[in-house]
Amino acid sequence: MKLYNTRIKGTGMYIPKNRVTNIDLEKTIETSDEWIFERTGIRARHIASTEGGEWPSDMAYHATLQALEAAKLAPNDIDMILFASVTPDFKLPNTATVLQTKLGMTNQCASLDIAAACSGFVYGLNMADGLIRTGVMKNILIVGSEMLSREVNWTDRSICILFGDGCGVAIVGRAEEDEDSAILGACLTADGTGKEFFDQPIGGAVHPIEPHHIAEGSHFMQMKGKEMFKVATRTLAQNARTVIEQAGLTLDDVNWLVPHQANVRIIETTGKLLGIPPEKVIINIDKYGNTSAATIPIAFHEAVIDGRIKRGDLVLFDAFGAGLTAGATLFRY
Ligand SMILES: CC(C)(COP(=O)(O)OP(=O)(O)OC[C@H]1O[C@@H](n2cnc3c(N)ncnc32)[C@H](O)[C@@H]1OP(=O)(O)O)[C@@H](O)C(=O)NCCC(=O)NCCS
């Protein structure tokens, strides 16, 4: 069987217009800009409009148009849409199909949502690599798009300060013979025993939302921040080492670490554990907070656009999230 290398052909992002700073939050909850910035590295987040035009599928639509242009592809060149989100537009149909329609696609391409929380984009990328590598598909669109502002209790200061809305996408396809892009290592993990560290049990088949849940606010996301913090640093470091080993490389070879943006202290601790210097780590949590599945594709896109990440660089994506899911990808861009 002929095998192909996978190349990220184009990327894009969309950030909602409404910017909410820590100082804005000081007006509605008992908190301060200093506390939030010191503990998390966050200064602001963006909140999608509830009037329409910035639903997860809309943000993905705008980001995908940029990625298609960068990849020099048309919507119907996409063979599959993988839409990673914990805040899909609807329960049914999936948001990948909503996006397919918004893009005006007529090729009836495979369209699938991925529910792997903050690791969803990396899950999508690693699965797409398998399909591209084996020649099953030529071009796959991977989306991380989130409207977490809908699922956050805005009166709970321990959680609402952390999250934001936004979208990042990447189109992957076959590398040409003269291009040295490739995915060199991939690792996907999950540990269901940590499910109570970050969950949202109300609203599914087991506990449909009832009026008393809304009165109590128990239908929102719940998180044990300290537990998540510990597991995150351990898992991020472990998975990074796994993919480096798979590729037969060393951490010194890595040009850029693009980690999930949940807390700058998690990122810094992971960098230290791995011995990767801060100047090789992409951080933008100060601007957007934690946008779940969207953090890595947004951070990557920004670094590509501003020229930090260049073709030929060795890049490491490293994600973790509720589940507890986690995933890493090492690739030559
Ligand atoms: C959430 C997080 C920022 C909290 O930081 P922390 O240093 O653990 O803070 P604590 O929860 O111990 O809270 C310390 C104090 O600050 C208070 N506090 C909590 N939120 C606050 C806020 N927004 N503003 C001001 N004070 C706050 C607490 O009530 C507590 O007060 P107390 O000591 O009087 O009880 C941190 O644990 C974290 O980022 N965890 C990981 C989150 C994560 O990765 N999520 C998963 C994403 S995929």
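Which element gives the most residues to the shell around the ligand? In this predicted model, α8 does so, with 5 residues.

## The ligand and its shell

The ligand is surrounded by 21 residues, and the closest of these are T31, R157, G225, A262 and N263. Three helices each supply at least two residues of this shell, namely α2 (33–40), α6 (157–160) and α8 (225–247). By residue class, the shell around the ligand divides into 11 nonpolar, 7 polar and 3 charged residues.

Because domain 1 (6–174) and domain 2 (182–332) both give residues to the shell around the ligand, the ligand lies between them.

The domain assignment of the protein gives two entries, domain 1, which spans 6–174, and domain 2, which spans 182–332. Taken over C-alpha atoms, the centres of domain 1 and domain 2 are separated by 14 Å. To the contact between them, domain 1 brings 45 residues and domain 2 brings 42 residues.

On the side of domain 1 that touches domain 2, the elements that give two or more residues are the strands β1 (6–14), β3 (44–47), β6 (139–147) and β7 (165–174), together with the helices α5 (120–133) and α6. The largest share of that side comes from α5, which gives 7 residues. The residues of the side of domain 1 that touches domain 2 comprise 21 nonpolar, 18 polar and 6 charged.

## Strand β1 and its partner

Of the 9 residues of β1, 9 are buried, and the strand is accordingly mostly covered. With β7, the strand β1 pairs in the antiparallel sense over 8 bridges, and I8 stands opposite V172 in β7.

## Helix α4 and its cover

Helix α4 (residues 95–102) is largely enclosed by the rest of the structure, because 6 of its 8 residues are buried. The buried residues in α4 are T95, A96, T97, V98, L99 and Q100, and what covers them includes the helix α3 (56–71) and the strands β4 (80–84), β5 (110–114) and β6. Just after α4, G104 takes a positive phi of about 70 degrees.

Key
Residues numbered from 1 in each chain as written. Predicted model: local features only at pLDDT ≥ 70, side-chain atom pairs only at ≥ 80, totals over all residues. Near = placed C-beta within 6 Å. Helix = DSSP H or I, 4+ residues; strand = E, 2+ residues; numbered from the N terminus. Nonpolar A, V, L, I, M, F, W, Y, C, P; charged D, E, K, R; others polar. Domains from an automatic or database assignment. Contact = placed C-beta atoms within 7 Å. Buried ≥ 20, exposed ≤ 12 C-beta atoms within 10 Å, placed from the backbone. Pairing = 2+ DSSP bridges.
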